[in-house]
Amino acid sequence: MSATAISNATRLNEIGFPEFTAKLITDTFDALIAANIRQTEAYTALVKATAQDLTVYINETKDDISGDMILQFLANNLTPDQFAKVDGKKPLDAATAKAINDACEIEDQPKPTIAEGAVSTTVFNSILDAAAKRIAADKYTMLREMVKMGILRLIVENGIIETKLTFTTYGSNYYNSNSSKYNSSSFSANASAKTGGFLSLWCKASASTAYNTMSVSTANSSSSTSSSTSVQIYGLVRINFKTDYQPLNTT
């Protein structure tokens, strides 16, 4: 069994521990670089979006405004009674039409022209379109303010990459043998005599003897062999991050 254990130990190079360690280091650095690239791309996309004209930005993003966002916008800018008239069950009065136009007005952009009267499908779609444009304009303003503030980056301050290999081999032999012998002997004698029907001087007699010997030999033996090999590969990556603020260069 010692030979088996030694044989297992000599095959340590087949486990690929150096390759495991190298891949752990490579994947860690690749993840950090990819995260930095995503941060840069996100900021570049933000700058590109806010560099567009407001009209272009609104036309390109208004269709991405969800219905829930539009309904929430109208609910926040109209009274409950005014909001209930948007669904067309009641005609729009002058006050409700004005409230919708005022809420959806965008500076330096054409003013909405929602008029009082029955809410047809065309009027309803016009209300939704005006609200979506106003929400898109608000997002544009917010993004421009974010660009002015600069970029907030996530930076690796320091870190630890640790790998560990635990190799254990075990072997054992067990052999047990028991034997026993049993001997037995016996002796017996038999004799018989018989006379005839009439008194006679002659007697018939017979005799026999027997001698028996028995020998029994038993043997019990058992043998067992066990061997085990355990390999554990452990990897740990501990990285400490910090945030860094990079203001926009205004010069």
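Which helix gives the largest share of the lining of the largest pocket? H7 does, with 5 residues. The structure is a predicted model, in which local features need pLDDT of at least 70, side-chain atom pairs count only at pLDDT 80 or more, and totals for chains, interfaces and linings use all residues. Residues are numbered from 1 along each chain as its sequence is written, and side-chain values use heavy atoms, without hydrogens and water.

The largest pocket holds about 300 Å³ of space. Of the 17 lining residues, Pro110, Pro112, Asp129, Ala130 and Lys133 are the closest to the pocket centre. Helix H3 (54–61) and H7 are the elements that give two or more residues to this lining. The lining divides into 9 nonpolar, 5 polar and 3 charged residues.

Helices here are DSSP runs (H or I, at least four residues), numbered from the N terminus. Two packed helices are described by the angle and the distance between their axes. Axes are lines fitted to C-alpha atoms over the stretch in contact, and angles run from 0 to 180 degrees between N-to-C directions.

H3 and H7 pack at about 120°, with axes 9 Å apart. The two are therefore oblique to each other (angles under 35 degrees count as roughly parallel, over 145 as roughly antiparallel, 65 to 115 as roughly perpendicular, and the rest as oblique). Leu54, Tyr57, Ile58 and Thr61 of H3 contact Lys133, Ala136, Ala137, Lys139, Tyr140 and Leu143 of H7 (contact means heavy atoms within 4.5 Å). These residues comprise 7 nonpolar, 1 polar and 2 charged.

Helix H2 (residues 17–50) comes within 9 Å of H7, axis to axis, and the axes cross at roughly 125°. H2 is therefore oblique to H7. On the H2 side, the contact is made by Tyr43, Leu46, Val47, Ala49 and Thr50. H7 contributes Tyr140, Leu143, Arg144, Met146 and Val147. The contact has 8 nonpolar residues, 1 polar and 1 charged.

Helix H6 (residues 94–104) packs on H7 at an angle of about 30°, with the axes 8 Å apart. That angle makes H6 roughly parallel to H7. Ile100, Asp102, Ala103 and Cys104 of H6 meet Ile127, Ala130, Ala131 and Arg134 of H7. This contact has 6 nonpolar, no polar and 2 charged residues.

Note on methods:
Nonpolar A, V, L, I, M, F, W, Y, C, P; charged D, E, K, R; others polar. 1 Å grid on protein atoms, 1.4 Å probe; cavity = no way out; pocket = protein on both sides within 12 Å on 5 of 7 lines; lining within 4 Å. Points joined across faces, edges and corners; volume = space filled by probe spheres on them.
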